[in-house]
Amino acid sequence: MELFDKLVKENSIWNAQIVGKNLFCQNSGEVECFKDYFDFCLNIATEQEEIETRMFFANEAELALNVFSEKCRMDEHVLRTIQDSRSRLVHASNEINEVIQQRTIEEERAAIESNNKVLSELSKLITEMIRVKTQEQFDAFLGKMSSLEENLDKTILTPSQTALYNSLTRDFSARVSQKMAELSHYEDVQYNKNAVDSFKKAFELFKVNEGQYKHSDSQLYGLVSRYLFAYDAKRLFAESLVYYNHVYSYIFNKLSDDGKFRFTQFSFDTPKQ
C-alpha cells in the first residue's frame, strides 16, 4: 500500500495503476482496497485532459466495481458504497461522452470547413484554366488540380457540397476537353508555321546555289532532308501544302531526270518530325 500511495503522490499514474490493481485483485472483496483503487481510477477519469486516458481509467473503475460487487460480503453499508460508486462512475462516464461528442462535432465542423475551402479553391482554379497556353502549363495545371482534390474528404460532403462538387466536376471535364482541343490546334499551328519557314529556307538556299545542289546528291539530300522533307504532310494545313508543293515543284523542275528520281527517293527516306 505504501508503494501505491507513494506513486499516487508522485503523480506516476500508470505505475500507480499497475500497483493499485494488483492490490485490489489480491483483496477484491475488501471495501477499503476497492475504494482506494476505484477512487484513484475515477479521479484520473475526471481530472485528466487526455480523453483516451480518461476513458481507460473509467473502464478500470467500472471493472473494479463489477468485480467488487461479486466478491464482497454484502450488507447495507457495502450496498450504499456500491450504489454511490456507480452513481459517481455514471456521472464521470457522461462527462467523458459529452467531451467525445463535442470533439466529434468540432472535428466534423472543421472537416466541413476544410472541404468548403478546397471546393472554393477548386472553383477558382478551374476558372484560371483559360490562362493555360502550352502543354507544359496544362500538365502543371492538371497536377495542381489533382493535388488539391486529394485534400477533399468526399466521405463527409454535405448535400450542398456534393452538388457543388458534381457541378465543378462537370465544368472541369468540359473545360479540359475544350483546352485539349485548343492546345492540339495551337500545336498544329506552330508545327505548320515552322514547316512553312523551313520550306522557305529550302527554297532560298536552293535558288542561291542551284548548281551546287543540282550536281551533288549529298548536298541536295542535306538541304531537302533538313528543310523540305522533314515535315509530315498529314499534319500540314491546306495552305502549307500549297506552299510546299510550290517549293517542291520548283526544285524538282530544276533537276535532271536522274536527279528527279533521287529527289523523290529522298522524300521517302527522310525521317519526319
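Biologist: Where does Asn11 sit?
Modeller: Asn11 is in the loop between H1 and helix H2 (13-26). Helices here are DSSP runs of H or I with at least four residues, and strands are E runs of at least two, numbered from the N terminus. This is a predicted model, with residues numbered from 1 along each chain as its sequence is written. Local features need pLDDT of at least 70, side-chain atom pairs count only at pLDDT 80 or more, totals for chains, interfaces and linings use all residues, and side-chain values use heavy atoms, with hydrogens and water left out.

Biologist: Is Asn11 buried or exposed?
Modeller: Asn11 counts as exposed because its relative accessibility is 54%. The cut-offs are under 20% relative accessible area for buried, over 50% for exposed, and partly exposed in between (1.4 Å probe, protein chains only). The areas come from the Shrake-Rupley method, with only the protein chains shown counting as cover for residues.

Biologist: What is the phi of Asn11 like?
Modeller: Asn11 has a positive phi of about 60°, although Asn11 is not a glycine.

Biologist: OK, charges. How many salt bridges are there?
Modeller: The count is 13 salt bridges. The rule asks for a side-chain nitrogen of Lys or Arg within 4 Å of a carboxyl oxygen of Asp or Glu.

Biologist: Why would such side chains pair at all?
Modeller: Side chains of opposite charge can pair when their charged atoms come close.

Biologist: Which residue does Glu10 pair with?
Modeller: Glu10 forms a salt bridge with Lys6, and the closest N and O atoms are 2.8 Å apart. Glu10 is partly exposed at 47% relative accessible area, and Lys6 is partly exposed at 44%.

Biologist: And which residue does Lys179 meet in a salt bridge?
Modeller: Lys179 meets Glu182, at 2.9 Å from N to O. Both lie in helix H7, three residues apart, which is about one turn of the helix. Lys179 is buried at 5% relative accessible area, whereas Glu182 is partly exposed at 38%.

Biologist: What about Glu204 and Lys200, how far apart are they along helix H7?
Modeller: They are four residues apart, so about one helical turn separates them. Their side chains meet in a salt bridge at 2.3 Å, N to O. Glu204 is partly exposed at 35%, as is Lys200 at 41%.

Biologist: Which residues form the negative surface patch?
Modeller: Glu2, Asp5, Glu32 and Asp36 form the negative patch. Helix H1 (2-9) and helix H3 (31-47) each give two or more residues to the patch. Patch residues have over 30% relative accessible area and no salt bridge; like charges are joined within 9 Å, and nonpolar side chains (Val, Leu, Ile, Met, Phe, Trp, Tyr) within 5 Å. Lys and Arg count as positive, Asp and Glu as negative, while His and the chain ends are not counted. A charge is placed at NZ of Lys, CZ of Arg, CG of Asp or CD of Glu.

Biologist: Is Asp5 buried or partly exposed?
Modeller: Asp5 is in helix H1 and counts as partly exposed at 35% relative accessibility.

Biologist: New topic. What does Ser85 touch?
Modeller: Leaving aside neighbours within four places in sequence, Ser85 is in contact (heavy atoms within 4.5 Å) with Phe34, Phe38 and Leu65. Ser85 is in helix H5 (residues 76-127) and is buried at 3%.

Biologist: Which residues of helix H9 are buried?
Modeller: In helix H9 (residues 217-227) they are Leu220, Leu223, Val224, Ser225 and Tyr227. Their cover includes helix H7 (159-208), helix H8 (210-214), helix H10 (238-254) and helix H11 (257-269).

Definitions and conventions: Areas by Shrake-Rupley, 256 points an atom, 1.4 Å probe, with all protein chains shown as cover.
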